[in-house]
Amino acid sequence: EIYTLFGKPEDESSYYEMTRWVNNFGRALQKVNIIRGMRKDYDSSKNNDEANKVYIPQILIDEAGISLEDMFDSEHKEQSQRILDELVIDSINNFEFSLNYLFNIPYNEVGIRRFSYSIFLSSLLMLKKLDENYNVFTSNEEIGISKIESMVLLGKTYLDALSNTRIEKSYTKIKESINAPAGIRISESKR
């Protein structure tokens, strides 16, 4: 609960809201890592006879009409891409809600704002790279952010973190560049 670094919110209602925002922030980051590591997790559980370590909701796999194994088979690329679209949209929904967390970090907490925003922005850029990238199902190579992209990100973080308007503009620009079909929305019961 990072918000305790700059004090608890004034009342129980504010505390509850901040907790929801922090939790969504964490979920957004976690979902990006889940998408990024799908193939590696699948191979690890398959090769080690361990329990399934692929953290994809079974309901998505069932709705696509395929099995977990099929999701990593190129014969089922269309269904797998639909699952990826759902996961990306779900992650975006968490990013959207976690903006409130960033907006409510006091301006005088410059280090916390920059740190939190850099994590937010790098994960959002990673999500953009994962969107419509079928390699998440087929490749064991890490999909990542280049050194140049990291340097640009750090500069952007340094400048934008002190303005909620700039944070929102950057977020909107990246979100609009993500190509997952806009009509897909995951209901609360599936999360």
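Predicted model: local features only at pLDDT ≥ 70, side-chain atom pairs only at ≥ 80, totals over all residues.
Me: Which residues line the largest cavity, and how much space lies in it?

Reply: A cavity is a set of points where a 1.4 Å probe fits but cannot get out. In this structure, the count comes to one cavity of 30 Å³ or more, and about 100 Å³ of space lies in the largest cavity. The lining consists of Arg36, Gly37, Arg39 and Lys40, together with Asn135, Val136, Ser139, Asn140, Glu141, Glu142 and Ile143. Sorted by class, the lining of the largest cavity has two nonpolar, four polar and five charged residues.

Me: What is the volume of the largest pocket, and which helices each supply at least two residues of its lining?

Reply: A pocket, unlike a cavity, is an open set of points. The largest pocket here has a volume of about 210 Å³, and α6 (110-130), α8 (147-160) and α9 (164-177) each supply at least two residues of its lining. Leu121, Leu125, Lys128, Glu149, Val152, Leu153, Lys156, Ser170, Lys173, Ile174 and Ser177 line the largest pocket, and these residues divide into five nonpolar, two polar and four charged.

Me: How do α6 and α8 cross, and at roughly what angle?

Reply: The axes of α6 and α8 come within 9 Å of each other and cross at roughly 135°. The contact of α6 with α8 has five nonpolar, three polar and five charged residues.

Me: At roughly what angle do the axes of α5 and α6 cross, and which residues meet there?

Reply: The axes of α5 and α6 cross at roughly 165° and come within 11 Å, so the two helices are roughly antiparallel to each other, and α5 passes α6 in a left-handed crossing. On the α5 side, Leu84, Val88, Ser91, Ile92, Phe95, Ser98, Leu99, Tyr101, Leu102 and Phe103 meet Arg113, Ser116, Tyr117, Phe120, Ser123, Leu124, Leu127 and Leu130 of α6. By class, this contact of α5 with α6 holds 13 nonpolar, four polar and one charged.

Me: Where do α1 and α5 come within 7 Å, and how do their axes cross?

Reply: Helix α1 (residues 12-36) and helix α5 (residues 77-103) have axes that come within 7 Å and cross at roughly 150°. These helices are therefore roughly antiparallel to each other, and the crossing of α1 past α5 is left-handed. From α1, the residues Met18, Arg20, Trp21, Val22, Asn24, Phe25, Arg27, Ala28, Lys31, Val32 and Ile35 meet Leu84, Leu87, Val88, Asp90, Ser91, Asn94, Phe95, Phe97, Ser98, Asn100 and Tyr101 of α5. The contact of α1 with α5 divides by class into 13 nonpolar, five polar and four charged residues.

Methods. Residues numbered from 1 in each chain as written. Heavy atoms only, no water. Axes fitted to C-alpha atoms, helices over the stretch in contact; angles between N-to-C directions. Helix = DSSP H or I, 4+ residues; strand = E, 2+ residues; numbered from the N terminus. Parallel < 35°, antiparallel > 145°, perpendicular 65-115°, else oblique. Left-handed = near helix turned anticlockwise from the far one by under 90°. Contact = heavy atoms within 4.5 Å. Nonpolar A, V, L, I, M, F, W, Y, C, P; charged D, E, K, R; others polar. 1 Å grid on protein atoms, 1.4 Å probe; cavity = no way out; pocket = protein on both sides within 12 Å on 5 of 7 lines; lining within 4 Å. Points joined across faces, edges and corners; volume = space filled by probe spheres on them.
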